[in-house]
Amino acid sequence: MDASPHLPRRLTEQCAALLDVGDGHFKPALASSVLEQFEGLGPEGQAAFFHHLHGDLVAAPATVDDAIARWQATPSQQSAQLLHAASESPRQALLRALNLAEDGTFRLVTMRSRFLEVLDEHPELEPVDQDFLHLFRSWFNAGFLKLHELSWSSPSSLVEHILEYESVHPLGGWADLRSRLEPADRKCFAFLHPSMGDRPLIFVEVALTEEIPASTDFITDLDRAQRSASKTVATLYSINNTFPGLRGIPFGNHLIKQVIAHVRRHDPGVTTFVTLSPVPGFRSWLEERPADAAGGKRLADTADAALRPGGTTEAVDALRPAITAAARSYLLESTDGRGRPLDRVARFHLRNGAALHRISWPASTEQHVLDQSFGLMVNYLYDEHHDDLPDEDEPGPVAATASRTAAAAHRRTTTQETT
């Protein structure tokens, strides 16, 4: 393809050189030079680089045809290896070589975050993303992930990421962060990777509570230390990914399993493991429903009115049965085109073997929760059988096959409305 005026010729020449050289000592320096040039490009130049990967660094059809012919003529381990080598795109080999640069893994993850923005506007670049994913799923498999418990005394280089990337229940500053990391009944766990330094890939905040929470009030409950009741519930109330460039790499399932195992070992009095989870797609689903179905725009408007300043408790109580019934229909009956639960958080937890335990409304007055679900939240319960379902790659924040979701959803779908 014709070179883009936004793509420096020196950059493409160094990419070609990186593919041609052997394993000499200067290869990491060449990889660093390529990354530095890419990082110095503006948006148009970076987009042109991705188009270069897509259009110019592809497997040669003639080489692939020849390898196929060899395999068909003599099926053997050698001909299979030749076919594999011929079909691998040069861009995948280039990405692998770029990983030799200093901090190469982190810089490639950052590159993919920019690529995903370009991909939204240019879906024809999807084959490039498949090469990113092929490598990242190998580099970031569960065997390389190390669980760390973070506390207020952890290095600031670690905990500052919690402050920056907490998106479920945003923090107002260091004082808020301290309230979630310092108390004995508050915990935070993160996965670290040896090639990513002190940069958590994903983290979960956990509260040890007396009972399964029905609202977010427990997060800032300042009187809890004065109560003597034992803490028997571990509530996983905020799970956050920190790198957009790792979208599609499965971390959440592994993190939940390891956190539950860790808490069971170190806090044997804790016997119940639940989440208090958002329902991000509920509002849009409800507003799009026909008026004579489970809700509709009229029910959505009525819910908003009941929650406005000046709304009465009586109005909320009267509306609760209709809202929870609509939420139950959304969470348990509504599916996407692949037969999976429509709600992405429900897909994630049901795929991981949890069961929908309780629907609570209203559960939060945080503005983003009101915007997503009128303040509605749910508890997903992880019991002793939560490991029954095998791990599965997730092509987004959450995912599941139709059969797996069905298996999880039918294990238990009893809900209780909070009154």
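User: What do the side chains of R186 and D185 meet in?

Analyst: In this predicted model, the side chains of R186 and D185 meet in a salt bridge, with a nitrogen-to-oxygen distance of 3.7 Å.

User: And are R186 and D185 buried or exposed?

Analyst: Both R186 and D185 are buried.

User: OK, what about K187, which residue does E149 form a salt bridge with, and how far apart are the closest N and O atoms?

Analyst: E149 pairs with K187 in a salt bridge whose closest N and O atoms are 3.7 Å apart. This pair links distant parts of the chain, since E149 belongs to strand β1 (residues 146–150) and K187 to strand β2 (residues 186–192), 38 residues apart. E149 is partly exposed at a relative accessible area of 39%, whereas K187 counts as buried at 13% relative accessibility.

User: Which residues are joined into one network with those two?

Analyst: D267 belongs with them, as salt bridges that share partners join E149, K187 and D267 into one network.

User: How many salt bridges does a search of the whole structure find?

Analyst: The search of the whole structure finds 18 salt bridges. One of the pairs is D66 with R70, whose side chains meet at 3.3 Å, N to O.

User: Where do D66 and R70 sit relative to each other?

Analyst: They are both in helix α4 (residues 61–73), and because they are four residues apart there, about one helical turn separates them. D66 counts as partly exposed, at 39% relative accessibility, and R70 is likewise partly exposed, at 46%.

User: Why would side chains like that pair at all?

Analyst: Side chains of opposite charge can pair when their charged atoms come close.

User: Switching to S79, which helix is S79 found in, and is S79 buried or exposed?

Analyst: S79 is found in helix α5 (residues 77–87), and it is buried, with a relative accessible area of 5%. A polar atom of the S79 side chain lies 2.9 Å from the backbone nitrogen of S76. Leaving out residues up to four places away in sequence, S79 touches R70, W71 and T74, and that R70 is the salt-bridge partner of D66.

User: How many disulfides does the structure hold?

Analyst: The structure holds zero disulfides. As for individual cysteines, C15 is buried with a relative accessible area of 1%, and C188 is buried with a relative accessible area of 0%.

User: Now the inside: how many residues are in the largest nonpolar core, and which have the most contacts inside it?

Analyst: The largest nonpolar core has 86 residues, and those with the most contacts inside it are L98, M111, F136, F140 and F282. A second, separate core of 11 residues includes L150, V159, I162 and L171.

User: What does F282 touch?

Analyst: Once residues up to four places away in sequence are set aside, F282 touches I323, A326, A327 and Y330, together with Q372, S373, F374 and L376.

User: Last one, the overall picture: how many helices and strands are there, and what share of the residues count as buried?

Analyst: The protein has 17 helices and eight strands, and of its 419 residues 49% count as buried. Among contacts with a separation of 6 or more, 72% are between residues 24 or more positions apart. The protein exposes about 19600 Å², of which carbon and sulfur atoms supply 52%.

Conventions: Residues numbered from 1 in each chain as written. Predicted model: local features only at pLDDT ≥ 70, side-chain atom pairs only at ≥ 80, totals over all residues. Heavy atoms only, no water. Core = buried A, V, L, I, M, F, W, Y, C linked by side-chain atoms within 4.5 Å. Buried < 20%, exposed > 50% of the residue type's maximum accessible area, 1.4 Å probe, protein only. Contact = heavy atoms within 4.5 Å. Salt bridge = Lys/Arg side-chain N within 4 Å of Asp/Glu carboxyl O. Helix = DSSP H or I, 4+ residues; strand = E, 2+ residues; numbered from the N terminus. Disulfide = S-S within 2.5 Å. Polar contact = N/O pair within 3.5 Å; in protein donor to acceptor, adjacent residues only side chain to side chain. Areas by Shrake-Rupley, 256 points an atom, 1.4 Å probe, with all protein chains shown as cover.
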